[in-house]
Amino acid sequence: MQNMKRTADCGELRKQDAGKTVVLNGWVHRKRNHGGIFFISLRDRYGVTQVTIDTEANTGLAAVCDELRNEYCIAAEGKVSARPDDMINKSMETGEIELLADKIVILNKSEVLPFQIEEESKANDDLKLKYRYLDLRSSAMQNRIKMRSQTTFAVREWMIENGFYEIETPTFIKSTPEGARDYLVPSRLYPGKFYALPQSPQIYKQILMVAGFDKYFQIARCYRDEDSRGDRQPEFTQIDIEMSFVTRDDVLCMTEGLMNHVFKKVINTELPKTFKRLSWEESMEIYGSDKPDLRFDMKLLDFSSFVEKSSFIAFKDALAAGGAVKALVVKGKADFTRKQIDELEAHAKIYKAKGMAWMKVMPGKTVEGGASKFFADNASLVIEGLKAEEGDLILMIADANKRTANTALGAVRSKLGKDLGLCDPNKFEFVWIIDFPMFEYNDDEKKWEAAHHLFTWPQDQYHAAMESDPGSVKGDLYDLVLNGYELASGSIRVHDAEMQNKIFNIVGIDKTEADKKFGFLTEAFKYGAPPHGGIAPGLDRLVMIMAGVTSLKDVIAFPKNSFAVSPMDDCPSEVDQKQLDELGITIRKETKE
């Protein structure tokens with residue numbers, strides 16, 4: 001490769017470079033043969049340049065040009081030539097020029113590709129993951145990984161300018177319950193003992209506050225051994241942040257500043273200086289979700305006032321049992337077919353709804369279809385009360401459990417937003433969800449559990465009722481939601497050993513267990529721990545939303561598939577017996593009965 005080291009990249013040459021002799025290195029993206037004149041689209045990370053070879057004028061290049069195939073890695077040397085005005089390719093940044101090559105060297109050949117490298121590959125996910133290095137060559141993946149790098153840099157830039165230290169916390173830690181199963185790492189030096197990979201740096205960042213560092217952040221790798229669901233990854237990255245001597249408003253204001261900086265710097269998008277706020281109860285009542293998508297305005301409405309004058313027994317029974325009847329007005333969709341409505345009802349049943357009633361608004365303030373017969377006598381009252389109009393579709397869910405009615409209809413709302421194209425990927429709607437319940441009751445295990453995590457400070461006005469009425473307690477918790485995704489979660493933390501022990505007691509962790517699992521944290525609280533709080537935006541999800549895609553795999557260089565497997569390097573994989581013996585581990589084989 002002597003004298004063929006690149007002197008320019010495939011994205012930089014312009015009309016003013018005409019006449020220069022340059023060397024380009026890259027991959028053959030496309031090859032066309034026009035009767036002895038070859039046109040090669042040469043691609044690298046920076047762009048694409050057209051390389052033109054006239055084999056009649058340079059017969060020595062004919063054989064090498066015939067041999068070239070897509071994804072051959074080559075070096076091309078030649079003179080930059082300006083294209084005539086009528087031949088400029090406006091779809092290429094380098095479209096004003098071409099490289100008239102007089103020398104081509106094949107640096108490495110490529111076998112037949114398992115799929116073509118397009119702007120956005122159309123191959124199935126597992127094939128793309130098996131040959132991830134090829135999928136990553138596509139311009140779409142190159143641009144998204146570039147955006148991820150720019151986002152990470154912008155985060156670091158803003159945090160450091162605002163007085164935060166970037167501090168690494170351990171990857172091998174003590175196993176502690178944080179909601180999901182830990183990934184365990186056996187210790188060879190201490191047989192029978194295990195490290196855990198961190199689900200988050202939660203405890204360590206709190207200890208850093210005790211240590212007086214005041215403002216901490218970290219681009220933190222986190223690991224959770226969860227069953228496959230949704231678009232989760234077993235390993236992910238979060239922007240971990242903690243601050244001392246702060247209130248909730250301080251953390252929210254800081255996060256708004258960070259997001260404003262990142263969106264402006266990376267995608268040149270101005271955000272509002274402050275974001276909307278909804279209490280958890282408001283969010284559930286209005287949108288049926290604690291992560292509402294506010295890009296479209298379709299709200300859940302209370303239908304209970306129309307039930308008494310109707311003859312709909314199922315609705316009356318739900319209200320009599322202390323439940324709720326909620327409605328959704330779908331504008332202009334009275335033309336929905338029965339099949340479409342049935343599909344929405346089936347989606348609601350996934351969220352424990354027993355069924356979904358419906359009716360269509362017709363001329364003259366009348367209703368027809370579905371449950372309309374129960375409301376025919378007071379149809380105009382219903383239509384006016386719901387602010388519905390002719391041509392609208394009204395959907396209703398009733399349940400003795402108010403939360404079920406809200407959640408199920410909220411899920412229908414989310415589906416409609418996607419199905420009707422109401423979720424503009426170029427629109428960014430942030431909302432803070434605040435005032436979450438501190439505890440949730442587990443009916444199966446008959447005990448209270450932390451709604452988020454065990455280290456949340458209960459809001460001051462609920463301290464007296466904590467042990468007598470845990471269900472009434474609201475934590476100093478907050479989530480940042482963007483376009484229907486939970487982007488960040490945080491809280492003001494417990495900083496007092498006595499309060500931490502009260503919380504352990506409510507969720508059924510006795511002192512012996514608490515000391516064993518969290519003793520090093522509660523011990524630290526005894527030495528002048530400051531009030532502190534923080535938040536952890538998900539970096540993967542942030543880049544995914546900014547890039548306008550819907551899969552985390554599209555913004556992670558080497559993700560796992562939906563079964564937590566990497567088809568490229570076949571992990572997880574078996575290890576040899578010698579390694580197991582060194583660790584004192586025996587694999588128990590399952591036997592079929």
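Reply: Contact here means heavy atoms within 4.5 Å, and helices (H or I, at least four residues) and strands (E, at least two) are DSSP runs, numbered from the N terminus. This is a predicted model, where local features need pLDDT of at least 70, side-chain atom pairs count only at pLDDT 80 or more, and totals for chains, interfaces and linings use all residues. Residues are numbered from 1 along each chain as its sequence is written, and side-chain values use heavy atoms, leaving out hydrogens and water.

Me: Which residues of α13 are buried?
Reply: Buried means under 20% relative accessible area, exposed over 50%, partly exposed in between (1.4 Å probe, protein chains only). In α13 the buried ones are Ala514, Phe518, Gly519, Leu521, Thr522, Ala524 and Phe525.

Me: What does α13 span between its end C-alpha atoms?
Reply: The expected span of a helix is 1.5 Å times one less than its number of residues. A straight helix of 15 residues would span 21 Å, but α13 (residues 511–525) spans only 16 Å.

Me: Where does α13 bend?
Reply: A bend is the angle between axes fitted to the seven residues ending at a residue and the seven starting there. For α13, that's about 90 degrees at Phe518.

Me: And how do I read a cis peptide bond?
Reply: Look at omega: from Cys571 to Pro572 it is near 5 degrees, and the bond is cis. Pro572 sits in the loop between α14 (539–547) and α15 (577–583).
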